[in-house]
Amino acid sequence: MKLFLVGGFLGSGKTTAIHQAVNYLGLSGKMSGVITNDQGTQQVDTQYLRFYNIPVEEVSGGCFCCNLRDLDKNIQSLLKTHLPDALFAESVGSCTDLIATVVNPLLNEYKSQLEITLSVFADIQVLLTFLQGQNSFHDNINYIYEKQLEEAEIIIINKIDLLSIEQLKWAKKLIKHKYGHKKIVFQNSLKLKGISSWVRTVLVSDKGPSLRPTLQLDYDKYGAGEAEMAWLDEEIGILTNDKNAIEAGILFIKNIHAKIVALRYPIGHLKFLLNDGQTQRKMSYTSIMQPEVRIKNNRFKTNRVVLLINARIQADPAQLSEIISSTILELEFTIGCRIIGNKLSSFKPGYPIPCQRISI
C-alpha cells in the first residue's frame, strides 16, 4: 500500500495538486483516497473533495502528529471501504517534523505493508521571498517553513505559471542552489499534465520499511510559530429576496479579503467554499499579491447560499472574529440581505505534543 504524505506551508496548493493527482491516477484505472487535516472541525478541503466523489476522511482539531490514532483509523477505514491503490494524506500547512512523528511511527506499525513518501509543497513566489529574506511572517513562522523544506524527501515547487519564462529560469537557478541536494519537481497543479512528473516520481519512490533520518527541531520555536497563526472557521448562510445570493456571497468574500489586506495581517491561507445548491465554488488567497480571484458566475439564480470560511492568519483570533462580524453587518445594511452565522470557531492552536516521536 502506498501512502503519499503531503506537507508544505499554508496556501502552497496541496489540495489542488492532490485533486489533480487523483484524477490522473484515475485515468489509468487506479483508485485513490484522501485524508485531509486541519486545526478546525469545518474543513473547506474536505467538502471540496467530497463534491467530486473522491473518497475522503479527515483528521480535525490538530496536526497528524498529535492525532496519529485518528490518522491510522482513517487509513484503515479507506482501505476497508474503497480498496485504494494509493492514499494521499495532506497535513496541516503549519506542521513539520512529519518524519519523526508520522512516517517513522507508521513504518514501525505497518512494517513492509506500507510504502510512504513525503512530498513538501512550496508556492514558488513565497519561496523566492523567503530565500531573499523578504517574507512578511514572524521569525518563528519562518522557522517552521524552513524546517518543512529541510525534511522534505521531494520538494514540489508549485504555481510556476505565475512567473514569466525569464523569471522562472532565474528562480530555478536560485532554488537549485539552495536545495539542489534534494529531488525537486517544478509544476503548475492547475493542469492535469502539470502534476504528471510528481505522480510518477512518488509512484516509483520506494525507500523501504527502514526508519528515516529525522529533524533536529526546537519545539518551543515551533509551538510559538503555530500560535502566531490564528485559526478561524465559520459556516454562514446568505439569504436574499432578489435571487442574487451568489453575488452577495462573492461580495462578502472580497470584502473579507480586502479588510485583512488593509490591516496588513499576513495570510497563511484564506479559503472560501460557496455552495449555491447546484455546485460549489472555491476561492483561495495567500500572502502573495496576486491577480483578482474570480469566480465564474453562471445564470443560475438563488435566494440562498452557504459559505464556509477557513482562515489561517498572523493575527489575534478576536481580530479575525471581528472582521467577520463587521462584514456581516455591513453587507446586511448595504444590500439588504440576511446573513446567518453558524459554528464560529476562532483560536490559537495549542503547543504541538506528538503522540509518538521516533527520531534517529
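Buried means under 20% relative accessible area, exposed means over 50%, and partly exposed is anything in between, worked out with a 1.4 Å probe on protein chains only.

A word on the ground rules. This is a predicted model, where local features need pLDDT of at least 70 and side-chain atom pairs count only at pLDDT 80 or more, while totals for chains, interfaces and linings use all residues. Residues are numbered from 1 along each chain as its sequence is written, and side-chain values use heavy atoms, leaving out hydrogens and water.

Let's stay with lysine 282. Its side chain meets that of aspartate 45 in a salt bridge, 3.2 Å from N to O; the term covers a side-chain nitrogen of Lys or Arg within 4 Å of a carboxyl oxygen of Asp or Glu. Aspartate 45 is in helix H2 (residues 44-51) and lysine 282 in strand E10 (residues 280-285), so the pair links parts of the chain 237 residues apart. Helices (H or I, at least four residues) and strands (E, at least two) are DSSP runs, numbered from the N terminus. Aspartate 45 counts as buried, at 6% relative accessibility. Lys271 joins Asp45 and Lys282 in a network of salt bridges.

Lysine 282 also lies over the face of tyrosine 48, at 4.7 Å from the ring centre. For a charge to sit over a ring, NZ of Lys or CZ of Arg must be within 6 Å of the ring centre and within 35 degrees of the ring normal. Lysine 172 lies over the face of phenylalanine 186 in this way, at 5.1 Å.

The structure holds 13 salt bridges. Here are some of them:

| Aspartate 45 | Lysine 282 | 3.2 Å |

Glutamate 226 and arginine 312 are both buried. Glutamate 247, at 29% relative accessibility, counts as partly exposed, and lysine 301 is partly exposed with 42%.

On to the rings. How many aromatic pairs does a search of the whole structure find? There are ten, where rings of Phe, Tyr and Trp (its six-membered ring) pair if their centres lie within 6.5 Å, with planes under 30 degrees apart counted as stacked, over 60 as edge-to-face and the rest as tilted. Phenylalanine 9 and phenylalanine 137 have ring centres 5.4 Å apart and planes at 70°, so they're edge-to-face. Both of these phenylalanines are buried. Tyrosine 48 forms an edge-to-face pair with tyrosine 52; tyrosine 48 is buried at 13%, whereas tyrosine 52 is partly exposed at 39%. Phe4, Phe88, Phe121 and Trp198 form one aromatic cluster.

Finally, the nonpolar cores: sets of buried Ala, Val, Leu, Ile, Met, Phe, Trp, Tyr and Cys residues joined through side-chain atoms within 4.5 Å. The largest has 56 residues, and Leu71 and Leu106 touch the most other members. Helix H4 (residues 98-110) gives the largest share of this core, seven residues. Apart from it lies another core of 32 residues, among them Leu232 and Cys337.

Leucine 5, in strand E1 (residues 2-8), is buried, with a relative accessible area of 1%. Setting aside neighbours within four places in sequence, its contacts (heavy atoms within 4.5 Å) include Phe64, Val102 and Leu118.
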